Amino acid sequence: MRPTGEDDMSQSEEAWSGRLGFILAAIGSAIGLGNIWRFAYVAGENGGAVFLLVYAVCVLLIGLPVLISEFVLGHRARGDLLQAFRASGASRAWSGIGVLAILVAFLILSYYSVIAGWACRYFWVYLTGHLPSLPRETLPAAFEAFIADPIAPVAWHALFMGLSAIVVTAGVARGIERASRVLMPLLAVMVILLAGYALSLPGAEKGLAFLFTPDWSALRTPRLYIVALGQTFFSLGVAMGVMIVYAGYMRSRARFGSAALTIAASDTLFAIIVGMAIFPIVFAFGMDPAYGAALAFVTLPQVFSIMPGGAWIGTAFFFLLSAAALTSAVSLLEVPVAAARRAGVPRVPATLGLALLAFLAGVPSALGSGTWSAVRIAGKGILEAVDYAASSILLPVVGLAVVLYTGWVLPRAEALRECGLPPRWADVWLAMVRYVAPLAMVVFLLTSALG
Ligand code: TRP
């Protein structure tokens with residue numbers, strides 16, 4: 001036991017206000033850029049409906065078991081990532097996974113904040129009416145010019161990181177939970193309204209068909225599987241320690257199985273409803289959904305500039321994107337902050353210091369589309385390379401480690417007791433964690449590596 005200094009006392013007192021607060025904060029972490037910006041473009045590039053299907057299978061077979069595993073590990077270790085991978089008799093090497101998770105959370109935060117900064121900037125230019133006044137043909141160049149600017153993307157990245165730091169300094173219940181309690185219901189209402197509007201557009205059926213009518217031949221693309229797997233981890237916000245830390249702020253065992261189901265279902269439903277807003281809009285105006293990462297920042301603004309009420313829709317859309325990103329960035333920041341607090345650093349300096357470091361770590365990503373665009377890593381720009389390394393390599397590695405540890409290292413009785421599932425379902429869960437999820441992950445990784 002470490003000495004109980006004053007800060008250690010408040011550490012043990014940090015907690016969600018209850019089960020609902022915990023679930024809302026976890027949903028806040030799960031719903032983010034991944035559901036809106038990333039989901040729309042990877043689904044667009046990978047065949048729409050078929051992607052959705054493979055993704056749903058990934059969530060059920062892999063995402064959900066991993067999520068419950070993280071809750072189990074987190075609750076056992078009271079959110080301490082370094083303790084989470086230490087069962088009696090487990091090799092010390094496992095603790096390395098906890099350290100890796102902290103580093104990866106920090107790494108993802110660094111570039112996540114850059115993209116979130118773009119979203120904030122677009123919200124601002126819509127709100128002030130600047131963007132809607134630009135002619136439609138100039139929008140792609142306007143986006144390119146903005147992200148290539150040596151100052152603006154860095155400044156918006158700083159602003160966004162600052163906002164995240166403010167929320168995290170306010171603490172677990174008063175900061176993180178409160179932000180989610182306010183923003184999540186608001187986002188749900190907004191996205192439903194947006195989808196309703198999009199579906200009322202003439203030509204909306206084509207967008208729905210794209211999202212829901214599978215073209216089975218796309219199943220033969222090996223890339224599809226790894227992209228769906230990466231998207232599962234990214235969108236649920238697992239394999240990074242966030243859910244381990246969040247479960248540690250839950251005082252009692254919170255029926256983790258049904259909590260995980262609620263979170264995974266909300267996250268997936270949110271992405272689908274966003275898809276039902278974006279694809280009908282894109283198709284109704286004759287645009288190409290497979291436009292890649294710029295779908296949200298170029299294609300949609302082009303549509304907003306010709307559709308009736310587009311300036312308002314644009315404002316609402318980019319508010320949605322920025323606010324969803326905020327509750328996710330906050331969760332990523334909380335991971336290293338929680339670790340620093342365990343090492344005895346009080347919350348406020350820990351948050352400010354780590355946010356500053358994450359800001360600095362993100363500067364290369366912010367400059368990668370302009371000033372430093374000559375820097376290529378494996379043929380990719382800086383931001384794309386960091387995203388690839390983090391989501392396609394490190395997330396699956398940590399995810400695999402989480403299920404292997406929970407399934408094979410943690411004593412079986414302990415896993416079954418902690419998961420808070422009724423006995424029959426607890427057995428199903430453990431079988432998924434032991435066999436189905438690791439096997440599916442290995443098969444998916446191999447398919448893409450060999451394809
Ligand atoms: N899930 C968030 C999104 O969809 C991002 C995020 C939050 C995340 N926590 C994470 C991604 C942990 C990976 C790992 O945008």
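Biologist: Leaving aside neighbours within four places in sequence, which residues is A259 in contact with?
Modeller: This is a predicted model. A259 is found in helix α13. Leaving aside neighbours within four places in sequence, its contacts are R19, F22, I23 and A254.

Biologist: Is A259 buried or exposed?
Modeller: The cut-off for buried is under 20% relative accessible area. A259 has a relative accessible area of 0%, so A259 is buried.

Biologist: Which residues have the most contacts inside the largest nonpolar core?
Modeller: That core has 176 residues. Its largest share, 19 residues, comes from helix α6, residues 95–127. The residues with the most contacts inside the core are F22, I108, F297 and F317.

Biologist: Which residues does F317 touch, not counting those up to four places away in sequence?
Modeller: F317 is among the residues with the most contacts inside the largest nonpolar core. Not counting residues up to four places away, F317 touches I36, L194, I278, A296, L300 and F304.

Biologist: How are α3 and α13 oriented to each other?
Modeller: Take helix α3 as residues 33–45 and helix α13 as residues 256–284. Their axes come within 9 Å and cross at roughly 65 degrees. Angles of 65 to 115 degrees count as roughly perpendicular. The orientation of α3 and α13 is therefore roughly perpendicular.

Biologist: Which residues of α3 and α13 make the contact, and how do they divide by class?
Modeller: The crossing of α3 and α13 is right-handed. From α3 come N35, I36, F39, A40, A43 and G44; from α13 come D267, F270, A271, V274, I278 and F279. By class, the contact of α3 with α13 has nine nonpolar, two polar and one charged residues.

Biologist: Where do α7 and α14 meet, and how are they oriented to each other?
Modeller: The axes of helix α7 (residues 139–148) and helix α14 (residues 295–306) come within 9 Å and cross at roughly 135 degrees. The contact is made by L139, P140 and F143 of α7 and F297, V298, P301, Q302 and S305 of α14. These residues divide into six nonpolar, two polar and no charged.

Biologist: What is the handedness of the crossing of α15 and α16?
Modeller: The axes of α15 and helix α16 (residues 347–367) come within 9 Å and cross at roughly 130 degrees. The two helices are therefore oblique to each other. The crossing of α15 and α16 is right-handed.

Biologist: How many charged residues are in the contact of α15 with α16?
Modeller: From α15, the contact uses L333, E334, P336, V337, A340 and R341. From α16, it uses R347, A350, T351, L354 and A355. They divide into seven nonpolar and one polar, with the charged residues numbering three.

Biologist: What phi does R78 have, and is R78 buried or exposed?
Modeller: R78 lies in the loop between α4 (49–76) and α5 (81–84). R78 is not a glycine, yet its phi is positive, about 50 degrees. Exposed means over 50% relative accessible area. R78 has 52%, so R78 is exposed.

Biologist: What phi does A239 have, and is A239 buried or exposed?
Modeller: A239 is placed in the loop between α11 (223–236) and α12 (242–248). A239 has a positive phi of about 70 degrees although it is not a glycine. Its relative accessible area is 0%, so A239 is buried.

Biologist: What separates the C-alpha atoms of G89 and V409?
Modeller: G89 is found in the loop between α5 and α6. At 83% relative accessibility, G89 counts as exposed. G89 and V409 are 320 residues apart along the chain, and their C-alpha atoms are separated by 8.3 Å.

Biologist: What separates the C-alpha atoms of G309 and L229?
Modeller: G309 is in the loop between α14 and α15 (310–342). G309 is partly exposed, with a relative accessible area of 42%. G309 and L229 are 80 residues apart along the chain, and the C-alpha separation is 37 Å.

Definitions and conventions:
Residues are numbered from 1 along each chain as its sequence is written. This is a predicted model: local features need pLDDT of at least 70, side-chain atom pairs count only at pLDDT 80 or more; totals for chains, interfaces and linings use all residues. Side-chain values use heavy atoms; hydrogens and water are left out. A nonpolar core is a set of buried Ala, Val, Leu, Ile, Met, Phe, Trp, Tyr and Cys residues joined through side-chain atoms within 4.5 Å. Buried means under 20% relative accessible area, exposed over 50%, partly exposed in between (1.4 Å probe, protein chains only). Helices (H or I, at least four residues) and strands (E, at least two) are DSSP runs, numbered from the N terminus. Contact means heavy atoms within 4.5 Å. Axes are lines fitted to C-alpha atoms, for helices over the stretch in contact, and angles run from 0 to 180 degrees between N-to-C directions. Angles under 35 degrees count as roughly parallel, over 145 as roughly antiparallel, 65 to 115 as roughly perpendicular and the rest as oblique. A crossing is left-handed if the near helix is turned anticlockwise from the far one by less than a right angle, and right-handed if clockwise. Ala, Val, Leu, Ile, Met, Phe, Trp, Tyr, Cys and Pro count as nonpolar, Asp, Glu, Lys and Arg as charged, and the others, Gly among them, as polar.
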